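This briefing sets out the architecture of the protein shown below.

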Amino acid sequence: MKDNHDILVLFDGVCNMCNSFVQFVIKRDPKGVFKFASLQSNTGSSILNHHEYRKDLHSIVLIDGDTLYTESTAILHIVSHLSGPVRILSLFKMVPKPLRDRLYQFGAKYRYLLFGKQTSCMIPTKEIKSRFIDLNE
């Protein structure tokens, strides 16, 4: 990971599981490398359009420089950059992508049923507000 740029995570802002994952990442990213925006935001839509990616609320999207990652690959890139033992999960990159993505898609399909849904995107605390790029919407 290059330390001279931010890495952007686009996530489903109304999904409880996705919001929990963002909090998980923030706690394990002491250098503040990751920035966040919801997929539902104007900022998220604009960024996805810039990368010519169709808006898909069933996938987390990671943008590192000019490279866009989705589904299991995005998750594994994220955990590989975090501090602590969670980095070991990046070894799942050895599992074939179609199998990883099938498991990811299963979780994404049932995430609202299993973890619930919020009526609006989360509002970050003062401590982490600077990590979100679409707060003025």
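In this predicted model, helix 1 (16-27), helix 3 (71-80) and helix 4 (97-109) each contribute at least two residues to the lining of the largest pocket. The protein as a whole has five helices and four strands, arranged from the N terminus as β-α-β-α-β-β-α-α-α. Of its 137 residues, 46% count as buried. Among contacts with a separation of 6 or more, 67% join residues 24 or more positions apart.

**Largest pocket**

- The volume of the largest pocket is about 560 Å³.
- Its lining is made up of 24 residues, and those that lie nearest the centre are Phe-21, Ser-72, Ile-75, Leu-103 and Tyr-104.
- Helix 4 provides the largest share of this lining, with five residues.
- Classified by residue type, the lining of the largest pocket comprises 17 nonpolar, four polar and three charged residues.

- The four strands build an open sheet of mixed pairing, in the order 2-1-3-4.

**Sheet: strand pairs**

- Strand 1 and strand 2 are parallel and pair over five bridges; within this pair, Val-9 is located opposite Phe-36 of strand 2.
- Strand 1 and strand 3 run antiparallel and are joined by four bridges, with Leu-8 opposite Ile-63 of strand 3.
- Strand 3 (residues 61-64) also pairs with strand 4 in the antiparallel sense, again through four bridges, and Leu-62 stands opposite Tyr-69 of strand 4.
- Strand 3 and strand 4 form a hairpin with two residues between them, and Gly-65 in the turn has a positive phi of about 65°.

**Burial of the strands**

- All five of the five residues of strand 2 are buried, so this strand is largely enclosed by the rest of the structure.
- Both faces of strand 2 are covered, with Phe-34, Phe-36 and Ser-38 buried on one side and Lys-35 and Ala-37 buried on the other.
- In strand 3, Val-61 and Ile-63 point one way while Leu-62 and Asp-64 point the other way, and all are buried.

- Helix 1 lies across strand 1 (7-11) and strand 2, and runs at about 165° to strand 2.
- Helix 2 (residues 42-50) packs on the sheet and touches strand 1, strand 2, strand 3 and strand 4. The direction of helix 2 makes about 115° with that of strand 1.

- The buried residues of helix 3 are Glu-71, Ser-72, Thr-73, Ala-74, Leu-76, His-77, Ile-78, Val-79 and Ser-80.
- The cover over these buried residues of helix 3 includes strand 1, strand 2, strand 3 and strand 4, together with helix 1 and helix 4.
- One of the buried residues of helix 3, Ser-72, is also among the residues that lie nearest the centre of the largest pocket.

- Leu-82 is located in the loop between helix 3 and helix 4.
- The relative accessibility of Leu-82 is 1%, and Leu-82 therefore counts as buried, the cut-off being under 20%.
- Beyond its neighbours within four places in sequence, Leu-82 is in contact with Phe-24, Val-25, Arg-28, Asp-29, Phe-34 and Arg-87.
- Leu-82 and Arg-28 are separated by 54 residues in sequence, yet their C-alpha atoms are 5.4 Å apart in space.
- Of these contacts of Leu-82, Phe-34 is one of the buried residues of strand 2.

Key. Residues numbered from 1 in each chain as written. Predicted model: local features only at pLDDT ≥ 70, side-chain atom pairs only at ≥ 80, totals over all residues. Heavy atoms only, no water. 1 Å grid on protein atoms, 1.4 Å probe; cavity = no way out; pocket = protein on both sides within 12 Å on 5 of 7 lines; lining within 4 Å. Points joined across faces, edges and corners; volume = space filled by probe spheres on them. Nonpolar A, V, L, I, M, F, W, Y, C, P; charged D, E, K, R; others polar. Pairing = 2+ DSSP bridges. Contact = heavy atoms within 4.5 Å. Axes fitted to C-alpha atoms, helices over the stretch in contact; angles between N-to-C directions. Buried < 20%, exposed > 50% of the residue type's maximum accessible area, 1.4 Å probe, protein only.
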